[in-house]
Amino acid sequence: MARLICIGHSLIHIRQQNFLQTLAASHEVLACCPDEWAEQRSSSFAKGRFSLKALSGFGAMNPYGFSLLGLRDAMEDFKPDLAYIMAEPGSDLLAQCWDICTDLRVPYAAFTWENIALRPCDPKVLDTAFCWVCGNDEAARLVGAAIKDPGRVHILPQVGVDVDHFQARPGVTRSITVGCAGRAVPEKGSWQ
């Protein structure tokens, strides 16, 4: 059974935690997120093979400028086989995770939805991820242009959508023209 550590600010949200709890049916999963993000708060807990560590964040507390206190200790204690880092290229969190993963010899994959412009980043941080998972086509284009092997770039939504939530109740007829999960902002994809 693989031991997977997932790191990112969006893991504070219950939908992300539910996704990882499902993944914990077949793997040991540790999620690390800030204990506070915007108006959301989180506390550490464990449920079966899923654990959440809510760590104090420091820095600008935006997607590019924050890091997590205690992240190295959490990784050393958990001994992951793989790290999945949900952080933008050029972010302080990605640099922090790269440093820890390099020291502990933990392979990592990274997720980004950045589709505007990549911030300056040490090329080693980008190129040593064994794969990049991008939330949209433009993010995949930007990351693919910045790394040596664009074949390691894959496009996948951040979390899936449970289509059962969009089914009509028995005896009820309805039509959905457009369904959108998320904020309607350019950073999340094409909005026209």
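Phe50 is buried, with a relative accessible area of 0%, where buried means under 20%, exposed over 50% and partly exposed in between, for a 1.4 Å probe and protein chains only. The model is predicted, so local features need pLDDT of at least 70 and side-chain atom pairs count only at pLDDT 80 or more, while totals for chains, interfaces and linings use all residues. Residues are numbered from 1 along each chain as its sequence is written, and side-chain values use heavy atoms, leaving out hydrogens and water.

Phe50 forms a tilted aromatic pair with Phe45, at 5.7 Å centre to centre and 55° between the planes. Rings of Phe, Tyr and Trp (its six-membered ring) pair if their centres lie within 6.5 Å; planes under 30 degrees apart are stacked, over 60 edge-to-face, and the rest tilted. Phe45 is partly exposed, at a relative accessible area of 31%. Across the whole structure, two aromatic pairs are found.

Rings also meet charges here. The charged end of Arg3 sits over the ring of Phe78, 4.2 Å from its centre, and that of Arg119 sits over the ring of Tyr64, 4.3 Å from its centre. For this, NZ of Lys or CZ of Arg must be within 6 Å of the ring centre and within 35 degrees of the ring normal.

Next come the helices, DSSP runs (H or I) of at least four residues, numbered from the N terminus. The axes of helix 2 (residues 71-78) and helix 3 (residues 92-104) come within 10 Å and cross at roughly 35°. Such axes are lines fitted to C-alpha atoms over the stretch in contact, with angles from 0 to 180 degrees between N-to-C directions.

Conventions:
Helices (H or I, at least four residues) and strands (E, at least two) are DSSP runs, numbered from the N terminus.
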